[in-house]
Amino acid sequence: MKYLVSRFHAFCLETKKELLPNVKYCVENVDNSVQVFCGFNGEIPICVNMAEKDVNIISVEFDNDTYLFLNPNINTDTCFVSFRLGADDFSISISSNLVLSINGDCVLDKFIAQSIKYSHYEKFGDYILIYFFGKKNLAVVLKNKEVLFADFYDEANIGKEEKYFMTKLNDILNHGRVAHIKPKHFEKYLVYLDENELKMKHDFVHLVFLDCLLAENYKYCNSLLCSDLQQKNEDFIKEFFPDFDDYYAVDFGAVLFKKNTLAGVCKFEINDLKITNITHLC
């Protein structure tokens, strides 16, 4: 079978068919013609031909099925900001990526996929904090030229002596990622935003594993592996996977994305709620 999966809320301009995000729609026997897909949130219209290979679609084969992924073409504002702090020159470029350079050296290139604007910066003890605002606010924490934190946050507690930024990961385990800054101390850790005990189901084991991988909860990842696959150093688990920031579940597998481009495809074998094998298909 052939399926179209839109990664954003969209509609077909010709047919007026609504496409809910991450829902697969059967597109067998489609016409060899160009169709225009528009987003409900201001995304730039995309022209695609589903009957042929098309540069605007990511095509993935999995278990004799073909998945055609339609990623959003984000219409973001573009701006450039620079400032000098001590002996260092800071340059910030904002488009679909947030790029931060210090003295001409790029220290951050983060895909943001939504419009943000520069707000201000502050020196806080050993750290430099740079703030951005938009539908969701974003903060960057630097020590010298090292980026310690760069993420959108859902909650913040910004005091004179310490600051907290918390990002909801909106995953199965309801993780929250917290950055805690004091003038001489920085730490980043995970919290669970609810206390509900997870009743694991066979069909969801690999999804919990991938969510924990994205959250960098490698200890939980390790607990989901069978004894033959478990690692003495659980941090080493990330070395078995390509760098990715999102995924789409397909049966007992997943299509991995990085910055809305294909990063890989993997398939899982599960027995007694433990992952017994992981195969990378591309």
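Modeller: In strand 16, the bridge partner of Leu-142 is Val-147. This is a predicted model, in which local features need pLDDT of at least 70 and side-chain atom pairs count only at pLDDT 80 or more, while totals for chains, interfaces and linings use all residues. Residues are numbered from 1 along each chain as its sequence is written, and side-chain values use heavy atoms, with hydrogens and water left out.

Colleague: What is the mean pLDDT of the chain?
Modeller: pLDDT is the predictor's confidence in each residue, from 0 to 100. The chain has a mean of 92, and 99% of its residues reach 70 or more. Helices (H or I, at least four residues) and strands (E, at least two) are DSSP runs, numbered from the N terminus.

Colleague: What makes strand 15 and strand 16 a pair?
Modeller: Two strands pair if DSSP finds at least two bridges between them. Strand 15 and strand 16 have seven, in the antiparallel sense, so they pair. Their hairpin has two residues between the strands, and Asn-144 takes a positive phi near 55 degrees there.

Colleague: How many bridges join strand 17 to strand 18?
Modeller: Four bridges join strand 17 (residues 155-158) to strand 18 (residues 163-168), and the two run antiparallel. The bridge partner of Glu-155 in strand 18 is Met-166, and the hairpin joining these strands passes through four residues.

Colleague: Why is Leu-207 called buried?
Modeller: Buried means under 20% relative accessible area, exposed over 50%, and partly exposed in between (1.4 Å probe, protein chains only). Leu-207 has a relative accessible area of 13%, so it is buried. Leu-207 lies in helix 1 (residues 205-215). Leaving aside neighbours within four places in sequence, Leu-207 is in contact (heavy atoms within 4.5 Å) with Ile-172, Tyr-247 and Ala-249.

Colleague: Is Asn-217 buried or exposed?
Modeller: Asn-217 is buried, because its relative accessible area is 12%. Asn-217 lies in the loop between helix 1 and helix 2 (218-223).

Colleague: What joins the side chains of Asn-217 and His-175?
Modeller: A polar contact of 3.0 Å joins them. The term means a pair of N or O atoms within 3.5 Å; within protein, one must be able to donate a hydrogen and the other to accept it, and residues adjacent in sequence count only if both atoms are side-chain atoms.
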